[in-house]
Structures are given as structure tokens and as C-alpha cells.
Amino acid sequence: MNTVTLKPGKEKSLLRRHPWIYLNAIDRVDGRPASGATVVVRAHDGRFLARAAFSPVSSIRARVWTFDENEPIDHAFFKRRVQRALEHRTAMVTGTGAVRLIFGESDGLPGLIVDHYRAVDGQREQLVCQFMGAGVEAWKQAIVAVLVGATGCPHVYERSDVSIREKEGLTQTTGVLAGDEPPETLIVDEGGVRYHVDVRHGHKTGFYIDQRDNRALIARHAAGKEVLNCFCYTGGFSLAALKGGATRVVSIDSSGEALATARANVEANAFDPARAEWLDADAFKTLRSLHDGGARFDLVVLDPPKFAPSQQHIDRAARAYKDINLSGFKLLRPGGLLATYSCSGAIDALLFQKIVAGAASDAGVDVRILGRLGAGVDHPMLTSFPEGEYLKGLWLQRI
């Protein structure tokens, strides 16, 4: 059996059940494990710690499958893990046709993302997967078979076109893994709102499933309000605001293609297009020009892309987050609401709050925190794996 032995004292994180083993924690590797091979991880004194997937090129040299010495890594293992994840979603998630079925380490399947779309009007179901680790890549065929068996959905499409695969020594790839080629677009219903999903070319797996609860929050507070949605993509928050009764929604994105889908979403829901204004523009510049032009809003949503993909980008990202939040506060009427988010894993919740607080101070406004926001229950976070909390948000009110 291939074995990874840690340096003295480096077992502490594993004893706290953290699933990552970094290269600098390893004393030696016995055997010649291939990419994705299962290795036994031992403390320096020989104690069993875990079974893990080995990655010969990644700085995260191994990702834990199990801390149970008596649990082999085989087809039955993946069947148990997928079934456990499916049971959690079945019990906890309702009222939507888009569910995150597998959330990587948080579901005991490090490096694997699986989203399950159930389309309306007789359209088919679709599973969309991202294999981002050497271990799940090595077990891909078995995992796909288990997913099809557990969900009853025969159509599986891969969206492993993510740069993190290159850190694992894997090439980016997309394509059909089971069933037929997906249609150009699926239409899913979430809370009574219909959204077009492009699983082949859209961001992530085609839709921001993680913002479901936050879209519902916007819908609950949009009635009678003028709303501004920045970095709107295909209009998730915009559609929620229209559903909630907003009188006017201004949405900004730099992708004309995404805005075309957003307009199609308005039509699919039979919303009055006169209530929706779409700006194909740079959000940073447009926020400032809106303020300079005297525009004001009752509710502002700031959901930008990842500004800090790694630690070395934190300073630049902090400036960007402060910039858009400063503009957001200036555009709010007194009593207005702001939902602001960061999906940068390198920006933790405390730092994000400090950045936003600095923006409020520079804007010269008093702001109260109404709540802290995050992803839905189908994106669970393990207490032993805080890195799983990538989406952070604040629900704020200008006093």
C-alpha cells in the first residue's frame, strides 16, 4: 500500500479532521502512487490518520477520503457518500429545480461539484459535474455511474473547464459523460421564477445556485422599491426583485450575451419589460456615473465575480470591494437596503466586513448590519473545513 508519512507534529490538522495535506507537512512517501491513487496517511510515529487521494504535483499533496481505517475506497464508498448527500438535499431543499447535489469536501468527496437541474414544461433533468481533484478524476467513471443510479437522471455533462485542474496536473475538459448532449438552454423554476440555464457555456455549471436564499431575501423586500443590481449576469437578483414587486430594476453587466438571457428571463416570466432596464457596461464606471447623475435607489445588490482568486490578490481585491461598496452606499436613499457579497475564498468574512465598514465610513453614512449572508443549505460548511465558506455577504441598511 502506498503510504504518506507526515513530519512530527504535522498530524494536528488531521486529528481535527481537516481534509487537506500540504506538501510541506509530508516527511516521506513510500511507494510510487499515481495521480489520484489512494494512499494511507500516517503520523510520524506510525499511527493511522486517514486514507486520501494523492496528487503528485499539487501543493495540496493529498485530500482525505476517510478518517476510518476500516473503510476502503471502492465503488461502495462512493455510493454511500452520494446517497448521504442526496438524502441531505431531499430533506433540506424544496421549491427549486436547481440543487447543488455534491459540494466537494463538505460532502466527503474532495474536488467534486455536482449540480442537479430539473427543468420545467417536460424538459429533461440534467446533472452537471466539475472534477477538480486528482482523486475524483481517477474515480470519474465510478462516480458517474453512482450519480446516475442514485438520482435516476441519465444525462451527465462535465464542466471541468476550471483553472484549478491545472494545479492538480489535469487539463481542462468538457463534454458528455452519460446520456445525450444537453439542450442549448434549460428552464428551471426557483420559488416561482423561471430562469434559463446554459449548462454548456454558462458561468460555473450554468447558474448561481448558491444565491438561492439571497434571491428570496431580495424578493421579500423589493415591493414598491427602485432596485439596482450590479454584476447581474443573467439577472438572478433582478428577476427576484421583479417577482417581489419592484417598481423599477436597473441591472448592470459587461456581457451582452448574459443580458440577452436576462431579457429572455423577463419574457419567460411574463414580467413587464418596462420595469427592467439593462445596461451593458462596466459596473465600476457606471456606479460612479449613476451617482454623479443624481440617481438614487431603495435597494442595491452588489454580487461581483471573484476579485481575489488567491492570497496574493487580496490587496487589489480589497480596493475593488471598497470601491463598489462606496458607490453603493452613495446611491442608497436614507433607509435603503444593500446586499453585498464576496465569493473570494481568500477574503474571509471578518476582512470583508472591515472593507465594507471602511466604505461606509468614506461615504459618510451610518449603516446597520441586518444580517450576515451565505450560500444555501445545499452548500454545507463543515466545522473542520472553514475554507468551504467561500460566499460571504452582508445585509445592510443605511440609517
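Helices (H or I, at least four residues) and strands (E, at least two) are DSSP runs, numbered from the N terminus. The model described here is predicted, so local features need pLDDT of at least 70 and side-chain atom pairs count only at pLDDT 80 or more, while totals for chains, interfaces and linings use all residues. Residues are numbered from 1 along each chain as its sequence is written, and side-chain values use heavy atoms, with hydrogens and water left out.

Empty space comes up first. Rolling a probe the size of a water molecule over the atoms shows where empty space is left. A pocket is an open set of points on a 1 Å grid over the protein atoms alone, where a 1.4 Å probe fits, with protein on both sides within 12 Å along at least five of seven lines; lining residues have an atom within 4 Å of a point. The second largest pocket has a volume of about 350 Å³, the volume being the space filled by probe spheres set on the points, which are joined across faces, edges and corners. Its lining takes in 19 residues, and Arg-81, Arg-84, Glu-105, Gly-108 and Leu-382 are the closest to the centre. Strand 6 (60-66) and helix 2 (75-92) are the elements that give two or more residues to this lining. Helix 2 provides the largest share, 5 residues.

Next comes a sheet. Strands of a sheet pair through backbone hydrogen bonds, either parallel or antiparallel; here, two strands pair if DSSP finds at least two bridges between them.

What about the cysteines? A disulfide is a covalent bond between the sulfur atoms of two cysteines, counted here when the two sulfurs are within 2.5 Å. By this rule the count is 0 disulfides. The sulfur of Cys-129 is 9.5 Å from the closest cysteine sulfur, in Cys-153, which is too far for a bond. For Cys-232, the closest cysteine sulfur belongs to Cys-230, and at 8.7 Å that is also too far.

Buried means under 20% relative accessible area, exposed over 50%, and partly exposed in between (1.4 Å probe, protein chains only). Cys-129 is buried at 0%, and Cys-232 is buried at 5%. Glu-257, in helix 8 (residues 256-268), is exposed at 61%.

Strand 20 (residues 392-398) is mostly covered, with 7 of its 7 residues buried. Lys-392, Leu-394, Leu-396 and Arg-398 point one way, and Gly-393, Trp-395 and Gln-397 the other. This strand pairs in the antiparallel sense with strand 18 (residues 332-342) over 6 bridges, Lys-392 being the bridge partner of Ser-342. Strand 19 (residues 367-373) also pairs with strand 20 in the antiparallel sense over 6 bridges, and there Leu-373 has Gly-393 as its bridge partner.
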